[in-house]
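Hi everyone, thanks for making time for this. Let me put the structure up, and then we can walk through it together.

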Amino acid sequence: MSTGRPKPAIAWQRRTIEPGIAPLVDAMNANPTVRTLASCQGHFWTGRPPFVAFTAPVAFASMLERMLRDDNYFGPNRLSTLWVVYGGFDAAFNLNFRLHAPLHKLAGPCSSTFKRAALRSELAALTEIVQLLNGLWDERQRKEQRHGND
Amino acid sequence: MSETENLEPWQRIPIEPGVAPLVDVMNAHPAIRTIASCHGHIERGTGPYVYFAAPITLASAIERALCADAHGARRLRTPWRVSARFDGAFELRFSLGAPRYDVAAPYSLVLSRRRLDRDLAVLTNIVGDAVRCQQPSTPGATR
């Protein structure tokens, strides 16, 4: 029997979004078809690279992958390393995506202050790319709607 | 004219024997098309995989079958996973692989090869059963 009280969030859901990745997470969630599931801004102590896990239509994830590759291969090279979108199945066997940079090395001899600044600009560039993508996505949805009405 | 004449050089490479039964089982389903495969090279630390095109529901069914084995009968010695990537045309493609085999074997290569071959044989049965349940003509099949 339901008591009518909201179910308490489990520990990992109560954690706040880390400030370094929050603008990117916000930009992704600004698209109504996207929902972020987990994220990390990157940790120099442990060498853990940043990521955002999310659910979205395959077409959105594909467009994001295209924009990331275009930036890396054809310019304007706002990203210093290749970011990719990988897919995987969650515990309910639904397809989820993960935006991350597999070659990103946070741990190493280079100054972490320098690396932190580089990572900040990298995440800012990613946020811009996602905002741009949201505009393209809206345009695409409008076009599809128009075709549907015709 | 031979069948292989129109193929790219990489497409003419024969399927490696260890992974061939698995590839055949997957291609037996009309909605699955294998693209590349490897039966694993323990001495080099390159794990086995099958890269394939399929509807998401089918890839999910394979993942579900692998998960059921890992939490039930545990016939597979190591966890196998289905992951997804976008190809050069930005189409979603899947990869069935076991990341644990991506490390060179620390001991007997012969023993490791035997274990891997046994895993591939078990995997062929698991994947075969999973994709047969998803045949378009069978009840409950994906549309």
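Let's start with charges: over all chains, the count comes to nine salt bridges, a salt bridge being a side-chain nitrogen of Lys or Arg within 4 Å of a carboxyl oxygen of Asp or Glu. Before the details, some housekeeping: this is a predicted model, where local features need pLDDT of at least 70 and side-chain atom pairs count only at pLDDT 80 or more, while totals for chains, interfaces and linings use all residues. Residues are numbered from 1 along each chain as its sequence is written, chains are lettered from A and ligands numbered from 1 in the order in which they are written, and side-chain values use heavy atoms, with hydrogens and water left out.

Now, three of those pairs. A:Glu65 and A:Arg69 form a salt bridge at 2.8 Å, N to O. They are about one helical turn apart, because four residues separate them in helix H3 (residues 58–74) of chain A. Helices here are DSSP runs of H or I with at least four residues, strands are E runs of at least two, and both are numbered from the N terminus. A:Glu65 counts as buried because its relative accessibility is 4%, and A:Arg69 counts as buried at 12%. Buried means under 20% relative accessible area, exposed means over 50%, and partly exposed is in between, using a 1.4 Å probe and protein chains only.

Next, A:Arg140 and A:Glu144, whose closest N and O atoms are 3.5 Å apart in their salt bridge. Both lie in helix H4 of chain A, four residues apart. A:Arg140 is partly exposed at 31%, and A:Glu144 is partly exposed at 45%.

Over in chain B, B:Asp117 pairs with B:Arg113 in a salt bridge at 2.8 Å. These two sit four residues apart in helix H3 of chain B, so about one helical turn separates them. There is a network too: salt bridges with shared partners link A:Asp71, A:Arg78 and A:Glu128.

B:Asp119 lies in helix H3 (residues 109–132) of chain B. Its side chain does make a polar contact with the side chain of B:Trp80, at 3.2 Å. A polar contact is a pair of N or O atoms within 3.5 Å; within protein, one must be able to donate a hydrogen and the other to accept it, and residues adjacent in sequence count only if both atoms are side-chain atoms.

B:Trp80 leads us to the core. The largest nonpolar core has 62 residues, and B:Trp80 is among those with the most contacts inside it, as are A:Phe54, A:Leu99, B:Phe52 and B:Leu96. Helix H4 (residues 112–149) of chain A gives the most to this core, with eight residues. Such a core is a set of buried Ala, Val, Leu, Ile, Met, Phe, Trp, Tyr and Cys residues joined through side-chain atoms within 4.5 Å.

Finally, the layout. Chain A has four helices and four strands, running α-α-β-β-α-β-β-α from the N terminus. Chain B has three helices and four strands, in the order α-β-β-α-β-β-α. Of the 150 residues of chain A, 37% count as buried; for the 143 residues of chain B, the figure is 41%. Thanks, everyone!
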